[in-house]
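Biologist: Before we discuss any element, could you tell me how each term is defined, and then set the values against those definitions?

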Amino acid sequence: MERDTLEVDVLIVGGGPAGLSAALRLAALQRRDGGEPLAVAVLEKSRQSGSHMLSGAVLDPSALDELLPDWKTRGAPVETLVRDERIYYLTERSQLRSPYTPPGLRNHGNYIISLNRFVRWLSEQAEADGADIFTGFAGTEVLYEGDRVVGVRTGDRGIDKHGERKGTFEPGVDIKAAVTIFADGVRGNLTKTLIRKLGLDGPTPQTYAIGIKELWEIPPDRVPPGRVVHTMGYPLRNEEFGGGFIYALPKGRLALGFVVGLDYRDPLFDPHMAFQRFKQHPLVSAMLAGGQMTRYGAKALPEGGWHAIPRCHVDGALIIGDAAGFMNSMRLKGIHLAMKSGICAADTAFDAVRAGDVSVSKLATFQRLVNGGSLRRELYPVRNVHQAFGAGLFAGGACFVLAPLTGGWWPRGLLSNEAGHERMTRLDRYYRTERPDPDDASNAVKVDRTVTFDKLTNVHYSGTRHDEDQPVHLLVADTDVCRTRCREEYGNPCVRFCPAHVYEMVDDGTGDGRRLQINASNCVHCKTCDIMDPYQIIDWVPPEGGGGPEYEGM
Amino acid sequence: MVLVIAEQRDGVLHRASWEAIVAAQQTGQPVQVAVAGVSLASVAAELAAAEIEVVLTVEHPALESYTPDGFVAVFADVVTGTQPDLVFLPHTYQTREFAPKLAVRLGRSLITDCIAVKQRDDRLAFVRPMFQGKFVADVAPTGPAPHFASFQIGAFRPDAVTRGATAADIRAFDLTLDAGAIRQTVEPPFQEAKQAVDLTQAERIVAVGRGIKAQEHIVLVETLAAALGAEVAASRPICDSGWLPMDRQIGSSGQTVSPKLYLALGISGAIQHLVGMKGARTIVAINKDAEAPIFEVADFGIVGDLFEVVPALISALAADA
């Protein structure tokens, strides 16, 4: 097949905060040094910049200050300064307000933002600086020469659901680059294959959480803009890691969400149901009463911390942002770290391209910049926090509070070294004597379609669209496992951990049997299935470019 | 005066053109209708039945097939020549392409995908959905007239058009068009799906959902549809399973329809489906689950087993005939 080839100096795969920061920094270096301009291209799978961006989000502006010191005059869309912070421990019916805010959660000087709007603005800045941003194109394959990364192939367009070419068929393009910067986000589909092929895993496996979020419109005088609320406890049990967040934006807009560690044990647990229970709690439902949900979304986040970061430099390529796991799960922040890693990657790539040496030893500059700067300074001291939560809420809480005093040290033997999905326990071992119905979530609630919603209704508010006539982009290696082994052993947890009603076990027509139905066009690209499937047989690959959620204002 | 730009292809009027005329009539202002193409006599005669001032035919060999350059050029002349206060268009694919360009060419504002026009204070406001129908906004155009607006298909009922006592005048618009300035060359129309069905034109629809349980029961639905003279449609799970072709899917990832009668069989009424059919005039729902959201939009609801109700309907219709 004839493919177009495009050659650039630096290819950035993923137009999120990490990738766009790299693009902006490359432009700044170019201005500083002059000379033949570097050709920089950014690939982004969403149709518009920012459409797949989802975060809380509270922004620590440190990296933005470094990248674009004049961001205020450039009109960066920050919604409000954080003015007031509260931490609650929730029980089913009441709450206890923490008198103490751990240093990690102090947000003085930080801003509440919509990551969607912030990234759209970043992309406008990058385009004005000469970067080519190709929206609507997903990278589907890493191109190698030997073990050296030489670029990325984008997905074919116009393939029908049976894999046949439609009239609109267009083959993907090979984009060749001296340096490829992978910024394809949490559990990035290309970074995943890169780590596997080149054996780049960090000392501990990456662990993840899923964040589920809604935007609401509520009466404007109910919650003062700039208030940041975090909760622990209910509806989670001690064995589950996570909590809720509520960020009050101006004009009666409220961002609220719930984060659950993707290392829960109960196979019948449903993170989306936990979020519904959170909204039913009196503290939260009082804020939402009479309001309207306007947006919904979900996304996984990397929580493994410092020791889970893979080697990020290889021949011809770097890995940054959430793809690498630059996220501080103790501060619940990663945007500034993603941006900072983009800055470091740009500094590294710029020198390497100019020197004509993109070998692994030259690109190791990235590791030195990470180690010598704010990334390590921030991440190393909290390296054990999430793992300690794996040992239980109280151990985790102790580590969380004590980390600033101990420098993050924690007895090694207490730390879990398992990937999150390995902690999910088989039904017979978790429930022992009962025989629970595998079609019911253990934390199910009846939704009222006012404050609580079913997943399908929620998906509508994610704005998700895909061309229906394309191959399913959730590759399940063996669907026989679903109806036989998995149904028996785990009760098909995909039906519950997917926040978008992609996976369904439907009647197979034989009477009592079930088969897996994949509603691929509901997918919000959160990657949870790829992460949490106990058999690791689900492979998330990008659908046709441009498909996915539309996280306007999220 | 409101100028409506009607749409036709090969002498067949797009039904949504009538909806734009209804919108125009509702403003209370005089209405003129322009239509472009070749051999427009019969389309013009059809349009002239409405209570309007005049039908302007815009004929030129280069307009035989739609091109954005050609349509922008001639309608820019028509608008300049007729000096309307408002220009209304049906929100078709064609409009989506050329109307923004036309508005920009003339330096005028365009409000797209409107569902209603209303008087607000002393000016007209255009009502359009936002956030996928979660909100509706009243949008008032600013800047000099004419203001352009396009109307969502199904927002008005074509049969609500006021007819004139006598046929309106038909006048050929005197135009000059430099065919060489049209940059697009037209290829034969591309049809992705074989036998694509345009359910938006159907007056009656029988739609089926998961309650039908198995593919072999689809014939029951087809029998009922035939008895009613209706088109068969479905919610997504049915088309996903391949029990009916994808072009029969109603909803956010399928077609949006506004028939006179919409009969929903075994459809729970997920919001993705409701957005595609809530504009139907009469909605009849049959579902076993009394709490199914479909009953919130239904005009008539039967809580019952479709395998009992549908055969009864079929035999009742047969008895009538």
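Modeller: I start with pairing, because two strands count as paired if DSSP finds at least two bridges between them. Helices (H or I, at least four residues) and strands (E, at least two) are DSSP runs, numbered from the N terminus. This is a predicted model, in which local features need pLDDT of at least 70 and side-chain atom pairs count only at pLDDT 80 or more, while totals for chains, interfaces and linings use all residues. Residues are numbered from 1 along each chain as its sequence is written, and chains are lettered from A and ligands numbered from 1 in the order in which they are written.

Biologist: What makes strand 8 and strand 9 of chain B a pair?

Modeller: Five bridges join strand 8 of chain B to strand 9 (residues 123-130) of chain B, and the requirement is at least two bridges, so the two strands are paired. They run antiparallel, and one of the bridges has B:Val127 in strand 9 of chain B as the partner of B:Ala116. The two strands form a hairpin with two residues between them, and B:Asp121 in the turn has a positive phi of about 55°.

Biologist: How do you know that strand 9 of chain B also pairs with strand 10 of chain B?

Modeller: The test is again the bridge count, and five bridges link strand 9 of chain B to strand 10 of chain B in the antiparallel sense. B:Val127 has B:Asp138 as its bridge partner in strand 10 of chain B. The three strands form an open sheet in the order 8-9-10 (chain B), with antiparallel pairing.

Biologist: Why are strand 8 and strand 10 of chain B said to stand at the edges?

Modeller: Strand 8 (116-120) and strand 10 (135-139) of chain B each have a single partner strand, so one side of each is left without a neighbour in the sheet. The twist averages 35° from one strand to the next.

Biologist: Why is helix 5 of chain B called roughly parallel to helix 9 of chain B?

Modeller: Axes are lines fitted to C-alpha atoms, for helices over the stretch in contact, and angles run from 0 to 180 degrees between N-to-C directions. Angles under 35 degrees count as roughly parallel, over 145 as roughly antiparallel, 65 to 115 as roughly perpendicular and the rest as oblique. The axes of helix 5 (residues 218-228) and helix 9 (residues 306-320) of chain B come within 10 Å and cross at roughly 30°, which makes helix 5 of chain B roughly parallel to helix 9 of chain B. Their crossing is left-handed, a term for a near helix turned anticlockwise from the far one by less than a right angle, with right-handed used if clockwise.

Biologist: What makes up the contact of helix 5 with helix 9 of chain B?

Modeller: Two residues are in contact if their C-beta atoms, placed from the backbone, lie within 7 Å. On that basis B:Leu220, B:Thr223, B:Leu224, B:Ala227 and B:Leu228 in helix 5 of chain B meet B:Val310, B:Leu313, B:Ile314, B:Leu317 and B:Ala318 in helix 9 of chain B. They divide into nine nonpolar, one polar and no charged residues, where Ala, Val, Leu, Ile, Met, Phe, Trp, Tyr, Cys and Pro count as nonpolar, Asp, Glu, Lys and Arg as charged, and the others, Gly among them, as polar.

Biologist: Which domains does chain B have, and how many of their residues are in contact?

Modeller: The bounds come from an automatic or database domain assignment, which divides chain B into domain 1 (2-181) and domain 2 (199-320). Their C-alpha centres lie 33 Å apart, and four residues of domain 1 of chain B are in contact with seven residues of domain 2 of chain B. On the domain 1 side there are one nonpolar, two polar and one charged.

Biologist: Which peptide bonds in chain A are described as cis?

Modeller: The bond from A:Gly56 to A:Ala57 is cis, with omega near 0°, and A:Ala57 is placed in the loop between strand 2 (40-44) and strand 3 (58-59) of chain A. Another cis peptide bond joins A:Tyr234 and A:Pro235, with omega about 5°.
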